[in-house]
Structure formats: structure tokens, C-alpha cells
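Here is a short tour of two ligand sites and one annotated residue. Have the model open as you read along.

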Amino acid sequence: MVKICCIGAGYVGGPTMAVIALKCPSVEVAVVDISVPRITAWNSDQLPIYEPGLDDVVKQCRGKNLFFSTDVEKHVREADIVFVSVNTPTKTRGLGAGKAADLTYWESAARMIADVSVSDKIVVEKSTVPVKTAEAIEKILTHNSKGIKFQILSNPEFLAEGTAIEDLFKPDRVLIGGRETPEGFAAVKALKDVYSQWVPEERILTTNLWSAELSKLAANAFLAQRISSVNAMSALCEATGANVSEVSYAVGKDSRIGPKFLNSSVGFGGSCFQKDILNLVYICECNGLPEVAEYWKQVIKINDYQKTRFVNRIVSSMFNTVSNKKIAVLGFAFKKDTGDTRETPAIDVCKGLLGDKARISIYDPQVTEEQIQRDLTMNKFDWDHPLHLQPMSPTTVKQVSVAWDAYAATKDAHGICILTEWDEFKKLDYEKIFENMQKPAFVFDGRNVVDAEKLRKIGFIVYSIGKPLDQWLKDMPALA
Ligand SMILES: NC(=O)C1=CN([C@@H]2O[C@H](COP(=O)(O)OP(=O)(O)OC[C@H]3O[C@@H](n4cnc5c(N)ncnc54)[C@H](O)[C@@H]3O)[C@@H](O)[C@H]2O)C=CC1
Ligand SMILES: O=C(O)[C@H]1O[C@H](OP(=O)(O)OP(=O)(O)OC[C@H]2O[C@@H](n3ccc(=O)[nH]c3=O)[C@H](O)[C@@H]2O)[C@H](O)[C@@H](O)[C@@H]1O
């Protein structure tokens, strides 16, 4: 029986391994982590991450061929294939701070693998890493290996949160990069044999190591670039009276461009887009390509601009001050169908409003009060370290409260900001909400989820990102 061990039981390691266990009953899969609470949660009825369909998959395999454990060394020692899916945060100190990937967790995992191994192993990079990381990992493993042979593969993950199980069941592609040597080809084949138990042959792409590593960074950069492109257009739409949804639709109808990933928003969030682009920028700079670095930096600049623009629009529409006004924030997660708040645009928007002394009442169906308070007090990039290593800030932001539903959050509010596209926000009783708000009552829709015309008929002043502006908003222009 092939034994797989995955180091890192997070958003990638957990779901990916659960699906491998489900689809490959003859493979034994152990997912290990240094975080005790995380592993305890994986072994309970309350899984540590919210992901549609995940509970079902875990329930079918856990205890049969899927195990979650903190005994990292034992499972690594026994495994034939070791996936490494640990954090690769942005460095906050030293060389490359604010851009380069911090490979501390990766390096310590590699050293541990070398220390405990007593048989040959395939080591798979599942985390997103800078191109050429495999070379460094190979050095660590071979210099400490006591004669044991390691083959390094790059097998980046392309799942998106909220649709992880669907994405893993039917991936657009699985990418495996390896050394172009007989041993390298054999390792690639061994991993391919795992995926080919449910992924059609033509969707499993094999490349050299560097192409696989770089393709992951490139894919995220291209995806984020599309959002920044449409968000840049949203600003121009507001200035000209064009409607960004109509523009996206018309542009996306070109089969060379395609319709997906063209929704204008308050900005992209999530643990990876910004981190991976910063990493790409750093790699370009290190390789003497400042023009290329500058090109990709712009994707992040536009994303920051979009969040700032949104805050400025709120403040300027409300007579240029939100001081002591209650603003209801609907949605805090970085997208719907996840409780993940890493790098969510809601953090920057809330901080912007707090900077103007607003009182904020937040409702999100999947995010806890503790998480929101931590997010609003944590330093940038601290969120991407293992949970037990994150600073536990004892301070809470007094002007922020967390409500149990959208009606409580919006009661007596002056304005509503919609920051996550949860389906339930489309179906709220906005007449009731309007009655219970201060007047004039504002809705700032950062996700274009509400029917703006319907809300205007109720009496709201509505701002929908990238859409023609109400007369009120035209009369109160926002500085970008
Ligand atoms: N979240 C996502 O949707 C995607 C993430 N990725 C990449 O996958 C990697 C992991 O991301 P997530 O799963 O989101 O992170 P995560 O933070 O949810 O999980 C990482 C886990 O690794 C554990 N860990 C860290 N060092 C360890 C060590 N030395 N030994 C054992 N466990 C250790 C942490 O405790 C944590 O539970 C990152 O490189 C990320 O860029 C790639 C595709 C999608
Ligand atoms: O490497 C990763 O971590 C993953 O990053 C993204 O997945 P994820 O961040 O989970 O979610 P996305 O659906 O890509 O959304 C990212 C952000 O962009 C925003 N977005 C997305 C699409 C769109 O049209 N407009 C838009 O603003 C979302 O609301 C969200 O804030 C990629 O889609 C995955 O392929 C990749 O594996």
C-alpha cells in the first residue's frame, strides 16, 4: 500500500489529502501538523475550515485511509510520498522584507524530513514557492540524507476556496514538475499514478521543475491581473456613466478573453494573490528585470487603489465625515462560502473607516468576533503564520462590534457596506432594514450583489461599484 504523508493540515493540505484518500482507497494518507488545535479539530465534528462538501468527504475516509495526527515524524518516516503544504508567508524582516517569500516553515520541514527518514522518498512541493525553491530543498535534503535518496517534485495546487472540493474532483489541470533524469521521470510517474485514479490523463501535465513552480505564480498573477483590469475599468465607468457589468459582459463575450473572473469588486483578497505577486516581483528584481517587476506591481497598486477609492466614496457621500456614525459591514470573509479572512479587503475598508472615527457593526455568517478583532489589530502579513505563532493581541477595537445577523448590524446605522457576496445579502428584507436606519440611508455595494433600482425605490442612496452614480453621489465627488 502506498503511504502518503502531508505536512500542513491547512486550507490546502486538508481538502487535497481528503480527496486523494477518497479517490484512492488503496492509498493510506496521513495529514500532520504542528498545530494541536488544528489536528484536534480535523478529528472532530467541527472541522477547522468551512468548505462546502468537505465534511462529507472527510467523514467517508477518516479512520479508514485518512488520518490526522500531530505525530509528524512517525508519519513522515513511514511515507513513500511526502507532500509539504506549509505556510509560505511574505517576509516581514530582513532581505526582501515586504516582498520575498519566507521559507522558514518549508526549510524546517525539509530538515525534519532529512532527519527522520530511513527510506527513499518523493518530496512534493504543494505550497506555493518561489521558482528554484526545489533546488534549495534538494540541497538541504541531500546534505543531510545519510545516503537516502530523495526526489523533489513540484505539484502546485490550483483550488480556490469555497469551491475546493469541486475543484479537486474536477481540476482543469494537475501540474507535476520533476527532474529530467530517469529517477525524476519515475517519481513523476509515481505521483501521476495517484492522480490518474480520478483525473483524466490529458489533464495531468508534466513539466520540468522550474516551469511547474513558475506556472503557479504566473497563474495567480494572471487571475489577479484580470480583477485589477476590470476594477480599473470600474473607476472609469463611474466617471463616464458606463456600467461595468455591461462592459465586462461585452468584453468577456470575446472567446479569446472569456467571461470568467471579470467581476468588479472592492478588491481581491485571500491568502495568495497579493503574496504570490509580491513574490513574483521580488524574483523579477533579483533576476535584473525591473520593468517586469514594475508591470506586476501595478496589479497590487490598483487593488489598493480600489479599496481606498471605496472608503473615500463612503466618507465623501456622507458629508465628508463618518465620525461617530454607525456603519454596518455585511460580509468580512474575502469571498463567499468561506470563513477565511486572510488579506480580505474588509480589513482595509474597516481600518479606513475607523481612521475616520466611524463606529462599525459587522455581520458575516462564517467569521467569528474573535477572528474579526484579531484581523483588525494584527500587523500586515502576520496572519500568514501558523496559528499558534501569531501574536495574540489582548487589545480589541472598541469602535467595532459584531452582530449575529444583518438586521442587528444595520439597526440605527447611517450606512451599509457590502464587502462579501454572500447569497443571503441578496434576499434580505431591505424595506425593514431601511425603516430601522438613520436617514438618509446609504448602501455601498462593494460586490454588486443588491438590486440597486429596487433599493432606490425604497429610499436608499445606493453606490454600486462601477455603475452609473446616483445624483447624490455625483454631487459629492470622492477624491481617489
Ligand atoms: N489557501 C489556498 O486556497 C491555497 C494555498 N496555496 C498555498 O499552499 C500553502 C499552504 O496554504 P494554506 O493551506 O492556505 O495555509 P494554512 O495556514 O491553512 O496551512 C498551513 C499549515 O501548515 C502548518 N505548518 C507550518 N509549518 C509546519 C511544520 N514545520 N510542520 C508541520 N506543520 C506545519 C501550519 O500549522 C498550518 O496548519 C501556501 O504556500 C499557499 O500559498 C496554494 C493554493 C491554494
Ligand atoms: O493560490 C491560491 O491560493 C488560489 O488563489 C485563488 O483562489 P482563492 O483566493 O481561494 O479565490 P478566488 O476565487 O480566486 O478569489 C480571490 C479574490 O478575488 C476576488 N474576485 C474574484 C473573481 C472576480 O471576478 N472578482 C473578484 O473580485 C474574490 O472575491 C476574492 O477576494 C485562485 O483562484 C486559485 O486558483 C489559487 O489556487
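## Ligand 2: between two domains

Ligand 2 lies between domain 1 (1-198) and domain 2 (241-462), because both give residues to the shell around it; the domain bounds come from an automatic or database domain assignment. This is a predicted model, in which local features need pLDDT of at least 70 and side-chain atom pairs count only at pLDDT 80 or more, while totals for chains, interfaces and linings use all residues. Residues are numbered from 1 along each chain as its sequence is written, chains are lettered from A and ligands numbered from 1 in the order in which they are written, and side-chain values use heavy atoms, with hydrogens and water left out.

The shell of ligand 2 holds 20 residues, the closest being L159, S265, C272, K335 and R447; a residue belongs to a shell if one of its heavy atoms lies within 4 Å of the ligand. Helix 9 (residues 209-240) provides the largest share, four residues, where helices are DSSP runs of H or I with at least four residues, numbered from the N terminus. Sorted by class, the shell has eleven nonpolar, four polar and five charged residues. Here Ala, Val, Leu, Ile, Met, Phe, Trp, Tyr, Cys and Pro count as nonpolar, Asp, Glu, Lys and Arg as charged, and the others, Gly among them, as polar.

Polar contacts here are pairs of N or O atoms within 3.5 Å. An N or O atom in the side chain of S265 is 2.6 Å from an oxygen atom of ligand 2, and a backbone N or O atom of L159 lies 2.7 Å from an oxygen atom of the ligand. Of the 700 Å² that ligand 2 exposes when taken alone, the protein buries 90% (Shrake-Rupley method, 1.4 Å probe).

## Ligand 1

Ligand 1 also lies between domain 1 (1-198) and domain 2 (241-462), since both give residues to its shell. That shell counts 26 residues, with D33, R38, T88, E161 and K275 the closest, and divides into nine nonpolar, ten polar and seven charged.

Taken alone, ligand 1 exposes 830 Å², of which the protein buries 94%.

## The annotated cysteine

Which residue does the UniProt annotation "active site" cover? The unreviewed entry places it on C272, and such annotations may be inferred rather than shown by experiment. C272 lies in the loop between helix 10 (244-252) and helix 11 (273-286). With a relative accessible area of 26%, C272 is partly exposed, the class between buried (under 20%) and exposed (over 50%).

Notes
A polar contact is a pair of N or O atoms within 3.5 Å; within protein, one must be able to donate a hydrogen and the other to accept it, and residues adjacent in sequence count only if both atoms are side-chain atoms. Helices (H or I, at least four residues) and strands (E, at least two) are DSSP runs, numbered from the N terminus. Buried means under 20% relative accessible area, exposed over 50%, partly exposed in between (1.4 Å probe, protein chains only).
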